[in-house]
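Subject: Handover of a structure and findings

Dear colleague,

Please find the structure below, together with its sequence. I would be grateful if you kept it open while reading the notes that follow.

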Amino acid sequence: MLSPAILIPAILNGLMTGAVYALVALGLTLIYGVLHIINFAHGALLTAAMFAAFFANRWLGLDPYVAALLLTPLFFALGYALQRFVIGPAAHGEDRNILLVTLGLAVVIENALLYAFRADTRTLDLPYGFDTIEVGPAFIAVPRVVAFGAVIAVALVLWLIMRWSDTGKAIRAVAREKLGAELAGIDVAHVYAVTFGLGTACLAVAACVLIPSYYVNPSAGNAFVLIAFTVVVLGGMGSVAGALVGGLFVGVVESLSGLWLGESLGQIGIFVMFILVLLLRPSGLFGERT
Amino acid sequence: VRALAPILVTVALLAAVPLVTQSNVVLNFLVFTLLIALVGQGWNLLGGYGGQYSFGHAAFFGTGAYVTAILQVRYGVNAWPAFALGIVAGAAVGAIIGTLAFRSGLRGSYFALVTLAFAEVLRIVASVAPITGAGVGTLIKLDLRWEALQFQSRVPFYFIILALVAISLVLVHLIERTRFGAWLVAVRENEDAAAALGVDATRVKIGAMTLSAAIAAAAGCFYAQYYLFIDAGIAYGPWISIEALLAPIVGGVGTVFGPLLGALVVKSLGEATKLVAGDAPGLDLVIYGSVLVLVVAFAPRGIVGVLADLRRALRRARRAEAPAEVGRA
C-alpha cells in the first residue's frame, strides 16, 4: 500500500486537474442538456481557445488570466455563430447529421491549427508557472489552485444565469419542452445558439486557466475531450452538478491510476471507466435511468 | 445477374487501368483510393444500411493490420494465412464491441462515442504493449515473393485490392436483396417499429457490425502488407475512422457504389490540394472536414443522390417536351 504522504498529494493534485475536466465537461453537458447533441467539436474548440490564450500572451502581452476576460465573450460569439449559421442549418434537424457536422468542424479546426502552427508544442513561461503553495503534506502548483477557483466561479455564474435571467429561463424551457417553448414565443434557434455559445465560453475560461501550467499543440484539446465525455457520461448527460462532481472524480482516478500504472496506462484507466459507464449505466451516476 | 452488371463494368474498367499506365504515381493513388473505398464499404454496411454511425472503425482496421504483421514477424506465420486471420480477428473485435454496445442499448451519439473510445483504448494499448513494437512500430521483413504476399511491382497489389473491393461491392449488393438487408434497413428507419414486427434488432446490428468489421479489417491487412510498416497511430489512429465514414457519406450513404465514388472524389480532392498547396500537414484534412460539413448541409444523400436527382430532373424535362412533339405530328 502507498503511504498517505504520497496518496494525499496525488488526490489533491487529481482534484485540481479534475477541476479543469469539470470546466470542459460543463460546456459539453450544457450543450447536451439543451440541444441533445454531443458536440464532437468540443476538443478542437478547446485547442483553439488554448492557442488564442497563448498568442494573446505572446503578441499582446496579456496575462492568461486577464485574457480570459477578452476571450470568454469572443468564444461565446464564436459558439453562437457556429450553432446559428453552421451546425443548425447544416443538420436539417437530424441527430445523425449533427454528429457528422460537429465531427467535420472538429477535423477542420484541428487541422487548420496544424496547418497554421505546425505540430510544435508550445508553452508559456510565466513568473508564477512553478509557484506552489503548501497544503498539509502536499505542494500544489498555484495555477492549479487558480483553475480550481475559476471552476467554482464559472459554475456559480452559470447557475445564476440559468436560475435568474430571462435567457436562463428560456434555456431551461427549451431544454424541458422545445415545442411548448416555441409556442410560448421563445426563439428556439436563438436559445440553441446562446447555449452553444455558453458552452464554448466555458472552454475559453478552461483554456486560460490551463495554459500557464500546460502546453498547447494542435491536438492538445483532444486529451481533454474524451475525458470530458467520460465526465459527462459519468455525471449524467445534461447534469451540471454531475459534470462538476464527475470532473473531480475523474481527476482523482486519473491521478491515482497514474500512480499505480504509469502515465500512458493511467489514460487507459479513464477510457475503461468511460466504456464501462457507457455500457452499464449510459444515463450516468446522477441521471435518471431511461 | 443483370443487376450485377454495373459492378462488373466498374470493376472491368478499373482492372483495365494497368493496361493503360503502370506509372507508380497513378497506381499508388488508385491503390490507396481503393483501400479507402474498402474501409468505407465496411463502414457503409453498418452506418449506411444499419444507421449505426461508428466513429471508431480504426479498431477493426488496426486489428487486421496488427494481426497480419505480428503473426508474420513474431510467429513466422506465412503471409496468406496471416492475412486471413487478420480478417477473422477484426471480425471478432467487431462482434465483441457490437455485442457489448448493442446489448447495452447504445444508440446514436452514444454508439459513436463508445466506438471512438474502444479505438482509442486499442491505440493506447498498441502504443505501449511490447508485442506491437510499442512506440517503434512493427516492420514486416522485405521478402519479394508471391508466397510472402509481396511483389516488386504495384500491379499485383492493385489487382488484390481491386478484387477485395469487388467482393465487398458484390457482398453489399447481395445483402441489399436478402432478408437480412431488409431487416437492417428496417432497423435504421425505425428500430422500435422493426422490433415490434419481430425483427431481432440487436442480433441484426451485431451481425452487420461483424461483417462491417471484417471488411474494414481486410483493408487493414492489406495496408500492412502493402506498406510493410505500421505503428499505433497508423493502425488505430483517428484518421482511418474519419476516412471510413467520409467516403460513403460523400459518395452516398447506404448505396452500393457510394463508398467507391466517395473515395475517388475525396482522394482526388486530396491530391489536387497537394498539387496546389504543396505537402502541407493538415491541409488535406481541412478540406475533408469542410467537404463533410458541406455534403451533410447541401447533399445529404451524397453524389449518388445528386446524380439521381439530376436524372429525374432530365427525365421530367424530356417528358415535358414530348407532348408538344405529339401535338405537332
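At roughly what angle do the axes of helix α1 (residues 4-35) of chain A and helix α10 (residues 240-261) of chain A cross? The axes of these two helices cross at roughly 140° and come within 6 Å. Please bear in mind throughout that this is a predicted model.

Helix pairs in chain A

Two packed helices are described by the angle between their axes and the distance between the axes. For the pair just named, angles over 145 degrees would count as roughly antiparallel, and the crossing at roughly 140° therefore makes α1(A) oblique to α10(A). The crossing of α1(A) past α10(A) is right-handed. The residues of their contact comprise 18 nonpolar, seven polar and one charged.

The next pair is helix α3 (residues 64-91) of chain A with helix α4 (residues 95-117) of chain A, whose axes cross at roughly 135° and come within 8 Å. This angle makes α3(A) oblique to α4(A). Their crossing is right-handed. On the side of α3(A), the contact is made by A:Leu82, A:Val86, A:Ile87, A:Ala90 and A:Ala91, and on the side of α4(A) by A:Asn97, A:Ile98, A:Val101, A:Thr102 and A:Leu105. Eight of these residues are nonpolar, two are polar and none is charged.

A further pair joins helix α2 (residues 42-60) of chain A to helix α8 (residues 188-210) of chain A; their axes come within 8 Å and cross at roughly 50°. The helices α2(A) and α8(A) are therefore oblique to each other, and their crossing is right-handed. Residues making this contact include A:His42, A:Leu45 and A:Leu46 of α2(A) and A:Phe196, A:Gly199 and A:Thr200 of α8(A). The contact of α2(A) with α8(A) has twelve nonpolar residues, three polar and no charged.

The interface of the two chains

How many residues of chain A are in contact with chain B? There are 35 residues of chain A in contact with 38 residues of chain B. Between them the chains bury about 3,300 Å², and 83% of this area lies on carbon and sulfur atoms. Of the area that chain A buries against chain B, 19% is supplied by A:Arg96, A:Leu100 and A:Leu279, more than by any other three residues.

Side chains of opposite charge can pair when their charged atoms come close. One salt bridge is formed by the side chains of B:Asp192 and B:Arg107, at 3.2 Å from N to O. This pair links distant parts of the chain, 85 residues apart: B:Asp192 lies in helix α9 (residues 191-196) of chain B, and B:Arg107 in the loop between α5 (79-103) and α6 (108-128) of chain B.

Yours sincerely,
A colleague

Note on methods. Residues are numbered from 1 along each chain as its sequence is written. Chains are lettered from A and ligands numbered from 1 in the order in which they are written. This is a predicted model: local features need pLDDT of at least 70, side-chain atom pairs count only at pLDDT 80 or more; totals for chains, interfaces and linings use all residues. Side-chain values use heavy atoms; hydrogens and water are left out. Axes are lines fitted to C-alpha atoms, for helices over the stretch in contact, and angles run from 0 to 180 degrees between N-to-C directions. Helices (H or I, at least four residues) and strands (E, at least two) are DSSP runs, numbered from the N terminus. Angles under 35 degrees count as roughly parallel, over 145 as roughly antiparallel, 65 to 115 as roughly perpendicular and the rest as oblique. A crossing is left-handed if the near helix is turned anticlockwise from the far one by less than a right angle, and right-handed if clockwise. Contact means heavy atoms within 4.5 Å. Ala, Val, Leu, Ile, Met, Phe, Trp, Tyr, Cys and Pro count as nonpolar, Asp, Glu, Lys and Arg as charged, and the others, Gly among them, as polar. Buried area is the accessible area (1.4 Å probe) that two parts lose on being put together, summed over both. A salt bridge is a side-chain nitrogen of Lys or Arg within 4 Å of a carboxyl oxygen of Asp or Glu.
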